[in-house]
Amino acid sequence: MTEIEIRGKVSKEDFGNLFKLLSVAGELADHYHRLSIDLSPGFDPITKTWQNSSGTDIRLKKSDDKEKISIKTGNFHDLERKEIEVKLQTGQFLNSLDLLETMGYKSGMIYFWESWEFNYSGTEIKLSKYTDSYFTFEIEGKENSNIHEIAQKLGLIIYADDQYRQAIDWENQNIHQVYERSLVEKILIEKF
């Protein structure tokens, strides 16, 4: 499967306004809390950045009771990326983490946020809350939709390639945490 998506950041006020608009003009497709463990190759835990990106993202994801392994290929800022997902049986998250660690993927970042996904004008729009003051959006194309037109219609400013890299780096320094298995276990107990 190839994804076509764009992203950006929104203020708390714009998040609230967009949420209200999409609740009326769109259709709420999903709401969940997500724990994502990014064990992609090339991570430097000291700088919390991927210095030598391999072009392959390896993530273990838990969205409430749904679990999966997701691998994306291509540059992180590419408009289109190939994505391979393997759905897991509920309760296999830590076993899958053991599998990835055994394969040598032992270093990366822990992400945790809350998301709402809306179907709107032939797209899927995901609104995400990371903290009480940090919010993002993602628009994924469906049904031959023009995602840039939708973003413009909604007054959303999408990241340029360098802005997206800066946003990722800022989030890793200020919101997300360096991967430690004990921290993952703690989040699983406290949040799920």
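Phe93, Leu94, Leu97, Asp98 and Glu101 in helix 2 touch Arg181, Val184, Glu185 and Leu188 in helix 5, where contact means heavy atoms within 4.5 Å. By class, this meeting of helix 2 with helix 5 has five nonpolar, no polar and four charged residues (Ala, Val, Leu, Ile, Met, Phe, Trp, Tyr, Cys and Pro count as nonpolar, Asp, Glu, Lys and Arg as charged, and the others, Gly among them, as polar).

This is a predicted model, where local features need pLDDT of at least 70 and side-chain atom pairs count only at pLDDT 80 or more, while totals for chains, interfaces and linings use all residues. Numbering starts from 1 along each chain as its sequence is written, and side-chain values use heavy atoms, leaving out hydrogens and water.

So how do the two helices lie? Helix 2 (residues 93–102) and helix 5 (residues 181–191) pack at about 165°, their axes 12 Å apart; axes are lines fitted to C-alpha atoms, for helices over the stretch in contact, and angles run from 0 to 180 degrees between N-to-C directions. Helix 2 and helix 5 are therefore roughly antiparallel, the word used for angles over 145 degrees.

Key
Helices (H or I, at least four residues) and strands (E, at least two) are DSSP runs, numbered from the N terminus. Angles under 35 degrees count as roughly parallel, over 145 as roughly antiparallel, 65 to 115 as roughly perpendicular and the rest as oblique.
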